[in-house]
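Good morning, colleagues. Please look at the structure as I bring it up.

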Amino acid sequence: MGKPSGSTLTTWLSDLEADRLERVLAARPDAVSPPEPRSFSEVADRLQRPASVAAVLPGLALPHLQVAEALAALGPVPCAALADLLDATGTERTRRLDAALEALADRALVWPDGEGVLRMATPLRQAWDSPLGLDAPLTRLLANTASEELRRMLVALGIPSPGTTRKHRLTALLEHHSNPERLAALIASAPASTRKLLERRASHQGEQAQSPTRPHTFRAPSADSEAGARWALERGLLVQDRYSGYGSTRMPAEVALALRGVGWHAPFEPVPPVMRTTSVTSAEVDREAAAAATAFAAHAASVLATCSAAPPVLLKSGGVGTRELSRISRAAQCDDIVVRLVLETAYDAGLLARDGDRVAATDAYDTWAEQEPAERLTALLHTWRTLPLTPAQARDGDGKVLPALAGTPPCGGCVQAREGLLAAAAEFPAHQGVHSPAELGPMIAWHHPLAEQLPQDTTPFATAIREAELLGVVARGCLSPIGAALRTDGAEAPETLAAACERLLPAATRTARFGADLTAVVTGTPSARLAALLDTVADKEVGGTASVWRFSPTTVRRALDTGRTADAIAADLGAVAVGALPQPLLYLINDSARTHGRVRVAPAACVIHGEEAALLAELVTHRKLAALGLRVLAPTVLVSRTPLDKTLAALRAAGYAPVAERADGTVRVEETRRRRTAVPVPPLPGQRQRSVPTVTQMTPVPVDLSTLAARLRAAPPTLPAPDPFGTGVPYGTDTEEIVAAYAKNLAYSDVRQLAHAVDVGTAITVEYVAASGNRTVRVLSELVLEPPYLYAWCQLRDAERVFTLSRIHGIMPG
């Protein structure tokens with residue numbers, strides 16, 4: 001883990017070799033993000049911030065968390081003691097333990113001090129309330145014990161006092177209790193009631209050790225309520241807790257471990273679970289991945305085209321509901337899971353955005369629709385890779401259906417589930433894949449145990465795995481070239497992914513095969529121009545790797561209604577046809593054009609006229625048109641009491657082919673209007689807002705780590721302490737420095753008092769000047785510092801209030 005050094009992280013960092021230091025800085029980009037640190041002490045402060053440690057925890061594998069939890073339970077111990085607790089005594093397990101410690105050290109979470117004792121970042125130790133189901137070590141439980149009380153414990157144990165100082169007595173007691181065999185013998189000599197009490201307490205704590213990666217809560221019963229507690233308290237087997245309530249006792253970790261016996265070891269799974277594998281060739285993987293990716297790209301184009309033509313309506317509570325999802329699914333001819341996946345990734349990529357009570361396509365969609373399928377898929381894959389939710393999640397924990405685009409809070413565990421999936425699928429050697437994709441679940445849980453598992457999953461991570469299969473990321477139970485490209489880091493990652501998609505996905509198809517059965521078949525993904533042309537003249541029946549459109553008199557009349565002529569339609573279709581257009585299709589186009597426009601409808605309220613008096617007479621006597629209220633004005637002119645658009649619809653429903661006229665007698669061309677909205681727009685409630693794929697999150701921090709490491713090694717490890725008021729008294733904490741930067745009206749003593757209240761959580765009284773100029777005095781508690789504001793519970797208003805730090809003029813105790 002690097003050359004042993006001092007007990008502080010600052011000293012350990014300053015003693016690292018240059019290449020190792022660069023590795024640590026690269027693993028924790030938050031420590032080097034601008035402004036760049038000027039000393040190792042500044043780097044260490046950033047690395048040990050609770051938010052920084054919490055951000056790196058989800059990326060740890062199961063053995064890393066198990067080692068960290070064991071170290072949190074033991075406290076600072078030599079590596080040998082940790083290895084004994086984890087049963088890492090064999091050559092292979094020892095090597096795996098060293099690798100886990102190395103990984104933790106690379107993230108500056110664990111490091112060795114000058115005496116070979118393993119230290120860990122304080123926020124990491126606090127990640128578990130009771131690691132391994134154990135309470136704190138004896139050294140922490142006795143931290144505030146008086147010297148005389150320690151002497152009485154030594155007398156009860158029959159240990160001669162090594163000196164009169166508290167330090168000597170504490171050292172002697174810790175040395176005695178650090179020997180499991182000696183503790184076991186002491187407990188064996190205890191009264192029966194004490195042994196029963198200690199064994200029950202140790203068993204209760206042992207039950208809490210079943211989930212080593214999740215926090216536990218430990219609460220001891222009152223000493224007065226249990227027989228035999230006094231004997232244990234007098235010998236340090238139980239310790240009085242002065243801070244969790246009168247009479248409450250806590251069992252030191254050393255005692256609980258001794259009661260569990262020498263054969264008990266903390267969980268340590270250094271190798272991933274064994275999976276059933278099957279042989280698979282690269283060609284098979286490429287073929288399946290290409291088919292899945294091509295189908296998804298085609299479905300994505302259909303889904304977004306449907307949303308472009310008819311923007312889905314949002315529910316009042318937010319999100320796209322089941323009814324709209326079903327409509328889009330039927331129109332795009334794909335499953336609900338595909339619709340959800342497309343909507344979420346497209347919204348995050350900026351192809352869709354909220355527009356009032358609907359979700360409409362943006363201008364970016366028009367550009368995306370004109371691209372090749374590989375480029376379309378690349379944009380969606382970039383977004384899927386870092387999407388802070390699982391887009392295909394359809395049900396909540398109660399089994400209720402969830403709307404899409406509902407603005408769910410960001411879920412880091414969902415991102416980790418994809419990370420774990422990519423890592424698990426990459427574990428298999430060449431030409432080997434997992435027997436069933438569902439079996440990847442345990443592997444994901446091993447690589448990222450803090451990943452989110454959805455309530456709807458019947459097997460672990462089933463939804464995340466299904467998404468990867470639909471996108472072509474996983475094929476035949478192993479990582480496809482697209483998945484391998486997604487794992488690439490660095491500036492070349494976008495180009496690598498684009499190249500993989502381009503290799504697997506064919507170019508957009510620009511031609512169609514027209515059949516005598518009045519169908520048009522397009523293999524692959526049709527180009528935007530071809531799809532728009534066929535959608536105008538025919539109805540789409542099948543989508544996916546091959547799409548089928550069917551022509552009918554109704555669809556051809558629809559094209560004629562847009563102002564196109566029969567010759568123009570035939571010419572456009574002939575330009576994209578493979579070979580000549582079949583004769584039945586030409587007959588259909590010409591026959592539809594021959595009857596099209598024989599009846600004209602003019603706005604009056606409205607007027608119907610035509611050259612064939614017999615035809616107009618037929619309209620007047622038609623039963624289905626009786627509701628229009630038609631009346632003969634002349635042999636070739638009718639008047640209707642129904643508005644123009646409804647009259648047109650009724651005539652067409654009855655089998656006629658009328659056209660609409662403007663007031664000047666010219667034919668009105670019916671155009672399809674596309675709804676567009678601008679980006680950026682206000683996001684959905686709680687929803688993330690991005691207008692481009694999140695490629696930047698896959699690139700490293702733009703800092704030259706070699707230069708920074710050299711500059712840190714040349715600078716003093718610790719900068720001189722700041723002197724905020726020129727008095728020689730530095731800031732005591734980071735909180736003081738932050739408060740002083742914003743609370744300009746406070747004296748330094750008030751700054752320290754406010755910072756202490758924020759750090760400790762005590763109540764304070766502030767003198768506050770409101771924006772109106774009114775001066776008031778408030779008692780505040782539950783302080784949360786978010787510069788330039790202070791969030792607190794105001795006892796005067798009995799509610800949470802926000803206070804501007806610059807308007808606080810005085811601090812008094814609460």
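**Salt bridges in the predicted model**

Taking a salt bridge as a side-chain nitrogen of Lys or Arg within 4 Å of a carboxyl oxygen of Asp or Glu, the count comes to 33. This is a predicted model, in which local features need pLDDT of at least 70, side-chain atom pairs count only at pLDDT 80 or more, and totals for chains, interfaces and linings use all residues. Residues are numbered from 1 along each chain as its sequence is written, and side-chain values use heavy atoms, with hydrogens and water left out.

Let me begin with Arg-23 and Asp-106, whose side chains form a salt bridge at 3.2 Å, N to O. Arg-23 belongs to helix H2 (residues 18-27) and Asp-106 to helix H7 (residues 91-106), so this pair ties together parts 83 residues apart in sequence. Helices here are DSSP runs of H or I with at least four residues, strands are runs of E with at least two, and both are numbered from the N terminus.

As for accessibility, buried means under 20% relative accessible area, exposed over 50%, and partly exposed in between, with a 1.4 Å probe and protein chains only. Arg-23 is partly exposed at 37%, whereas Asp-106 is buried at 15%. Both residues also belong to a salt-bridge network with Arg-20 and Glu-102.

Next, which residue forms a salt bridge with Arg-476? The partner is Glu-288, with the closest N and O atoms 4.0 Å apart. Glu-288 sits in helix H16 (residues 282-309), while Arg-476 lies in the loop between strand S10 (474-475) and strand S11 (478-479), 188 residues apart.
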